[in-house]
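Here are a few exercises to work through with the structure open beside you. Try each task before you read its solution.

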Amino acid sequence: MASPTQRPLTTDDVTYLVRASFGPHTRVRDCGPLTGGGYATVWWILLADDRRVVLKLAPPAGTPLLRYERGLCAAEARYFRLVAEQAPEVPVPPVLHHGTDPAYGEWLVTGMLPGRSLYELAEAGATIDDGPARYDLGAALAAVHRVTGDRFGYEGERASGATWSAAFTAMLDALLADAADWDVRLPVTPDRLRTLVGRHAGALDEVRRPALLHFDCWDGNVLTAPGPDGRLRLSGLVDGERFLHGDPLLDLVSPLLYRRVEDEPEHPLLRGYRAAAPEPLVLDAAARRRLGLYRLHLYLLMTVEMPSRGMTARSHPGRHAQLAALLDAELAALGTD
């Protein structure tokens, strides 16, 4: 079932948007929907000149969204351009067109990178060693993190701050406001969450530089393809619309979703990151507290976003129960730290 934020498209719609992007004489040879995401509507397109592109159409105007999701189409274009300009060794899709239309709203067209996502390979039952690709992902994230923003948090009017603790607190407050708006029952009170974050503000403010973060590097957004030696390598980093500026450790949470990266020091992701990072990766007590807070934030986000994606505790009991258990575990660990 499509998310309420995703609108149905026809091939005529796609043809119209392609011509609005590239000119009235551009022809579509073939096209079809891409699955895996739950926010925008995404199609692959083969043009008559043999170019393969990706069309991403934002939700219609007026669609209820989470606070941090406002303006994500423009944000994605911004992220890809930032990486292409300042970390060109990282494979991201080239931005080909970013436009708006009275009937269709906002859309983005990018080049289509080669490869299949780590998630897709796992779902297909592939037994390929993905260690080299995850090593490459770590190195790519280290390169992206060398890019510095002018404030912490999100761009635009979304949650941000002059310090990392201020920005992170604003991000948490926005999610709690979303939970109230959508009547999402949380396994913890807002006051307890705010108190916990305030208690660890000192650890958060050890972060002094707002590094560029992808934030959403789960396996579905990591493209891979065989390298010259046949081993699986990173071929693309996609879906950069949720980017923000902050602690590089935040980007080490989603690649090891539902796990604790600090408990796997020899994971290929960390080995690749250490090899490419300009400074040592230190996972001391303060860093571990921050990682716990970041997992807490991610599991909270994944819980709060459920109704906006058409999911409820009744329709997806396994997801809801799993996230509640993970939240409880992180709360317990941070509460005794």
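A handy term to start with: a crossing is left-handed if the near helix is turned anticlockwise from the far one by less than a right angle, and right-handed if clockwise. Keep in mind that this is a predicted model, where local features need pLDDT of at least 70, side-chain atom pairs count only at pLDDT 80 or more, and totals for chains, interfaces and linings use all residues. Residues are numbered from 1 along each chain as its sequence is written, and side-chain values use heavy atoms, with hydrogens and water left out.

Helices (H or I, at least four residues) and strands (E, at least two) are DSSP runs, numbered from the N terminus. Axes are lines fitted to C-alpha atoms, for helices over the stretch in contact, and angles run from 0 to 180 degrees between N-to-C directions.

**Exercise 1. Work out how helix H5 and helix H9 pack.**

Step 1: get the geometry. H5 (residues 164-181) and H9 have their axes 10 Å apart, at an angle of about 25°.

Step 2: name the arrangement. Angles under 35 degrees count as roughly parallel, over 145 as roughly antiparallel, 65 to 115 as roughly perpendicular and the rest as oblique. H5 and H9 are therefore roughly parallel to each other.

Step 3: find the hand. H5 and H9 cross in a left-handed way.

Step 4: look at who touches whom, where contact means heavy atoms within 4.5 Å. On the H5 side you'll find Trp164, Phe168, Met171, Leu172, Leu175, Leu176, Asp178 and Ala179, and they meet Leu293, Tyr294, His297, Leu300, Leu301 and Val304 in H9.

Step 5: sort them by class. Ala, Val, Leu, Ile, Met, Phe, Trp, Tyr, Cys and Pro count as nonpolar, Asp, Glu, Lys and Arg as charged, and the others, Gly among them, as polar. The contact of H5 with H9 comes out as 12 nonpolar, 1 polar and 1 charged residues.

**Exercise 2. Do the like for H9 and helix H10.**

Step 1: H9 (residues 285-304) and H10 (residues 317-335) have axes that come within 9 Å and cross at roughly 155°. That makes H9 roughly antiparallel to H10.

Step 2: the crossing of H9 and H10 is left-handed.

Step 3: the contact includes Arg289, Leu296 and Tyr299 of H9, and Arg319, Leu323 and Glu330 of H10. Its residues split into 10 nonpolar, 2 polar and 4 charged.

**Exercise 3. Which hand does the crossing of H4 and H8 have?**

Step 1: the axes of H4 and H8 come within 6 Å and cross at roughly 40°. H4 and H8 are therefore oblique to each other.

Step 2: H4 passes H8 in a right-handed crossing.

Step 3: among the contact residues are Gly131, Tyr135 and Gly138 of H4, with Pro268, Gly272 and Tyr273 of H8. By class, the contact of H4 with H8 has 10 nonpolar, 3 polar and 2 charged residues.

**Exercise 4. In what order do the strands of the 5-stranded open sheet run?**

Step 1: two strands pair if DSSP finds at least two bridges between them. The order is E1-E2-E3-E5-E4, with antiparallel pairing.

Step 2: find the edges. Strand E1 (28-33) and strand E4 (95-101) each have a single partner strand, so one side of each is left without a neighbour in the sheet.

Step 3: check the twist, which averages 20° from one strand to the next.

Step 4: count bridges around E5. Strand E3 (residues 52-57) is joined to strand E5 (residues 105-111) by 5 bridges, and Val54 has Thr110 in E5 as its bridge partner. E4 is joined to E5 by 6 bridges, with Val95 opposite Thr110. E4 and E5 form a hairpin with 3 residues between them.

**Exercise 5. Where do Tyr258 and Tyr299 lie, and how are their rings arranged?**

Step 1: rings of Phe, Tyr and Trp (its six-membered ring) pair if their centres lie within 6.5 Å; planes under 30 degrees apart count as stacked, over 60 as edge-to-face and the rest as tilted. The whole structure has 10 aromatic pairs.

Step 2: the ring centres of Tyr258 and Tyr299 are 6.3 Å apart and their planes are at 25°, so the pair is stacked.

Step 3: Tyr258 lies in the loop between strand E12 (244-246) and helix H8 (268-276) and Tyr299 in helix H9, so the pair ties together parts that are 41 residues apart in sequence.
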